[in-house]
Structures are given as C-alpha cells and as structure tokens.
Amino acid sequence: MRIILGIIFVLFALLIAQLAYLQLAYGSRFKAEVAKSDSNVVSNQVPRGVMYDAKGRVLVGNKANNAITYTKSTGTSTSQIYKISNALSNYISITDEKPTEEQLAEYYLADQANSTKITNKLPKSKTNSQILTTQEINQNMIDEVKKENIKFTARQKTAALIFNKISGAYTLSTIYVKNKDLTDREIAQVGEHLSELPGVGIGTDWERSYPNGSSIQSIIGSVSTEKSGLPSDNLQYYLSQGYSRNDRVGTSYLEKEYEPLLKGSKSTSEVTTKSNGDIQQTKTVYKGEAGASLMLTIDAKYQKEVQASLKRIYNNAVAAGAARYSNGAYAVAMDPKTGALRAVAGLSRNPKTNKIVDNALGVINQSYVMGSVVKGATVSGGLMNNVITPTNNTLPDTPIYLPGSAVKKSVYPIGTFGSLDAESALEVSSNIYMMQLALKWVHAKYVPKQFISMPNDSFDVLRRNFSMFGLGQKTGVDLPGEVSGIEGQSFDDQGRIRSGSLLDLAYGNFDAYTPIQLVQYVSTIANGGYRMQPYIVQSVGKTGRDGKKIYINYNKRPNVQQQIPWTKAELNVVQEGFWRVVHGTNGWGTAHPLKNVKPSISGKTGTAQTFYYDPDHPNRKNPPELINATFVGYAPSKNPQLAIAVVFPGLDPDLEGTYTLQVAKEMVQDYFKLHKY
C-alpha cells in the first residue's frame, strides 16, 4: 500500500510540474490560441440582368427594396435564436405571412421554461429517450403544444416567423428576415438597436419589376423566391454550380433559358468569427457583378398594341357567340428576313367560366389543325416535284368521291369552276385542287366511288414537303417548352393507309401545327425561300453604371435552317396566289377585306373542321362541331418586312366572321405606324 501511494504521489507531482511548466513556458501561446479567430468567405446575391425591348425600353428590371438581414454565427444556440427573434419582433412586424401551428409550437418550446412545462405534462412513454428518438420526442412535445390551444399575440406570431427563418439559415449565410414593405420607422428602430441584435443587419434586396407591362411576362418567365429557393427537380445541378439552397433562380422560359447569364456573379465577403462563434468582422472582398442584360427583338409598344387588338377582337367574338367553345386565340409577328420575333401575343380561355388570361406561350406550345393556310406549301411541293409547272398547272375542279364516304369538295358549290390553275386555286382556297394535286403527286390509283389506292409512303412524301417550311417541326426558337405539333394516324387498325386523311392533309385539315410554325412558314414564302430560325434575344451585354447605356458583347446572327429548292418562276406562282387572296377579283376570294390596307398585304386564310373537347366529359357523343380560323400573311407584298400568323381556334362555323382578318389588319397597320417603310 505504501508503494502504491508513493507511486501515486510521484505521478501527481510530475503532473503538477508539467502543468507549471506549460503555464510558465507556453501560457501566452495558449492564450493567443484561445483568442484566435477564424475567417470564412461567404457570398451574397447581386441584381439579376435586365431585359430590354428592341428600342431599349426596360421589359423586366430590378426594384431595390430595403431589407432586414441575418447572418448566422457558428454555434448559435436555439435559446440565442429565441432571444434575437423576440427582440427583433419589437421593432418589425410581418403581416404578409402567417405562422403555421408547427412554427408557433417550435417557437414556444424554444423557451426553456415552456419546454420543461410541456415535458412534465407528457407521460414518460412519450419522453423516454431510451425508446424514442429525439425527433419523435420533439414531435410529441409539438403535438402537446397544439392541444394547449395557446393564444399568441401579433408580436409573438412575428417572433415565431423570425425564429423559423433564422433557425433554417445555414451557418455564416445571410438571409432576409423581412424584405417587403419595410417602413422607415422599422429601419430606424432596427438600426438603433443593432448592437443588441447579434447577426442582424440592414441591407438591400432585389425583386423583378415590369415597367412596360406584363403582356409577355409568360415568355419572360419567372424567378423563384428566397423561400422556395432552388427547384427540387434540379437541386443537385444548381448546388454543383455554386448556388445556395435559398438562391433565387429562373424557373421558366427566358429567365430559365438564360439563367447562367442573368444571375451575375455573387459578391463575396470575409467573415471573421471569434472563438465562441460570434461574428467579429465582415469585410467585402469582391463587390460582385450584376447579371448580363438581354436585348430582345420584341418592341414593347407594338407588343402592347398586338395584345390589346387580339384581346378586344377576341372578346367581340365571345360576345357574339362565335367563340362560345373557344379556348383562346394567338397572334405572332416576325421579321421574315432575319427571324426576329416582333410580337408574341396569346389568350387562354376557359369556355365554362369564360375566364381569359394572357398566354403568349401558346404561340409555341399549342397545336391546332390550321386549315387552308398551308396550301402554299402544297402548291410549292407540287411545283418542285414537277407534278405541275409554272406554265402548266391547271387541274380539274372535280370533287373526290371515295368509296363509302361523303363527297370531298371545296366550300363553294360543286360545278362553280370546271378547272383552276394554281394561282386561282390559292385565291379561292380550293380544297379540290389540293386533293387532285396530291393524287397526282403520290401516283394514286383512283376510280370515283369505286376504288382508291396509294403507296404506303404517301404521308411521308407530303410531310417531308411540309417540314421544309417548318410545318410539323420545332422551329428552334430560343424558348424552352416548344412542341413540334401533332401528326394524325397514317394507317388504320388493319394497317391500311388512310387515303381520305392523306387528301385532308393536302389542304391542311389533318396534322396540327403551332402558331410559330405558321409564321416561319409564311416568312419562307415572303423572303424567297429561306427558312429562318425564329429568335427573341437579339443581343447580350452589360448595363452601364448610369443604368441607361448598354454595352453589347454579343449579337445574334440570323440562322437559315433550310433553303427551299424552287426556281424564281415556281416562287412567283405561290406569291401571286397569295397576292390574289387579298387583291384578286374573284367573288370567292377569302381575304378581300384587307385589300385597302397600306402597305399591301399578301396572305392566305384557313378554316379547319374540328370538334369541342370537354375534359369533364371526354366520351361525349355528338360534341359541337367547330372550326379553327387562321390567317398568315406578309407586308409589304414586295420586299416584305413583316410576317404574321393569327389563330382563332374553336369558333362556331355559322358565326365565323372575319376576326382573324381584323387582327391581321391592325397588326400590319400598327407595325408600320411605328416602323416607316
């Protein structure tokens, strides 16, 4: 025992000697180590890039808002967050949000006294840490608080919201506690008490603004909020690109498509923290750079006028009963020589509630059977494949009689014309001419009322021709979400080619196309055969410090997707036909109301048969029969500078009217009032 006690005494003596040595020799070093601070680099948001119209007007900008911020220190405890939340709630109020029962309960339990009180009320089976996880025990406590039906004051509700925001913040990240409707009084009071509010600061936040209206906001797209943060479906991608979870990003259309340019580069600050985790100093390392500016091809003033004309005339159609079952209307204008989009307008309507909303995106993502507007492509294909020639293109205007089906004819009475040439067929919109042309083109064998046979590749032959003009093809417009259209079934259930449907395809009454495909198609005819890729972003640059001058870094070059292999004489046939549609003298001409418009218009009307589809009764028998009314055109007829497409789907066939022509007239007149020719 004496030996053991002696050893213990010696060991203690050695330990005391070692402690004395460390204290005397290294005491100052250890003291400095304890007091030493750590430095971390954190990043902050910068304003997103501005979007301008073709004339330099701001379409979407940034509105600066004062904000109360919070930067979370390392090691910040729940009780500290509770104290800060209570203190801050004395100076600000949050009225645009309401805390959930869960948030109120979590805030209530952050007070140690309240937590102990609730714990004592619960049976041991609900607080036993040997059986339950910490998360399960916390949930039991939250459920008990909810049962208490505690009445919280307005200040406590604000404190609960602040507590929730701060609790969810990442360490050394800066969040916005309040960034909307912050009053001068609130800023002043928070500023006076910043020394009592560790981590709280006063900063600036940015939100998107639309000073020239929101008619194309659906194309511009939207940006996520700080609360929603990064989209969950692309979370890992954004995190790998250096985003924080609560960063705001473009979630649709131009905002999403050009996110890498619009986001800019974040500012960075060096945050120095004490050994206890409190922030000692924040120093700006890099001020950051605002996002790039986009100059769009759209003219904001012209866009407003097109949207207003479309809405007014469509409302007239609704009031007259013509659009009772219609689900919307669309209009698009493009520079036929470059592909630059000048206006993109659309309306979406619920036929049951008559609610109408702007839907410019329908121009790229809605498909309709367009009718006779595509006949220019049919005639072009016949010419280029030598089925007809510029000097020999007369065909009999004899209706088509297929076995066991109704006669296939034009709108005008049978026998009105014995035969028609290509230009006249376009002028009077002859369905018969297009069907006769298709029969010759695919080398069909046909005996009226008895027999018809055509090769299995007949649909491919016609569709390849239409695709040269962009019909049935994605145009490649610089907007996500574009669709290619809808192809009808080429064969029946027994594998037999649908001969009648092929004839319908020839005059535009089978496959479905988008409005933007129509404007690309008519532009190809207008410019002499160059299929131009439509685009909406003209250039990318930087906005000067004065907020006015734009420094361009990149300009979009027009892109020819395909050149139509026709001769000048073949092109003249189609262009002459489109001229006659408006300016011809035949009584069956379809667009004569546009004859006196200046500058002169060439174009083509269309009418396609369809039926009302009721999503609540998809199997409804005998649904109402409707028509899609369309128009494509360009102006001036010589040296065109504008191409347009107008689509009014789902009109009453007995009340068709001239709604598409009215819109087309105003689109041309309004454009050339703004752009002299």
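Me: In this predicted model, what stands opposite Ala-635 in E24?
Reply: That's Leu-642.

Me: How do you know that strand E23 and strand E24 are paired?
Reply: Two strands count as a pair if DSSP finds at least two bridges between them. E23 (residues 625-635) and E24 (residues 642-651) are joined by 8 bridges, so they pass that cut-off. They run antiparallel, too.

Me: What makes up the open sheet, and in which order?
Reply: There are 6 strands, in the order E11-E10-E9-E24-E23-E22, and the pairing is antiparallel.

Me: Why are E11 and E22 said to stand at the edges?
Reply: Strand E11 (355-358) and strand E22 (602-611) each have a single partner strand, so one side of each has no neighbour in the sheet. From one strand to the next, the twist averages 10 degrees.

Me: Which helix packs on the sheet, touching E23 and E24?
Reply: Helix H19 (residues 515-526) does, and it also touches strand E9 (328-334) and strand E10 (341-350). Touching here means heavy atoms within 4.5 Å. The direction of H19 makes about 140 degrees with that of E24.

Me: And what lies across E22 and E23?
Reply: Helix H20 (residues 568-583), running at about 80 degrees to E22.

Me: What is Ile-550 in contact with, leaving aside its neighbours within four places in sequence?
Reply: Ile-550, found in strand E20 (residues 550-555), is in contact with Tyr-52, Met-295 and Lys-542.

Me: How many residues apart along the chain are Ile-550 and Ser-293?
Reply: They are 257 residues apart along the chain, and their C-alpha atoms are separated by 7.8 Å.

Key:
Residues are numbered from 1 along each chain as its sequence is written. This is a predicted model: local features need pLDDT of at least 70, side-chain atom pairs count only at pLDDT 80 or more; totals for chains, interfaces and linings use all residues. Side-chain values use heavy atoms; hydrogens and water are left out. Helices (H or I, at least four residues) and strands (E, at least two) are DSSP runs, numbered from the N terminus. Axes are lines fitted to C-alpha atoms, for helices over the stretch in contact, and angles run from 0 to 180 degrees between N-to-C directions.
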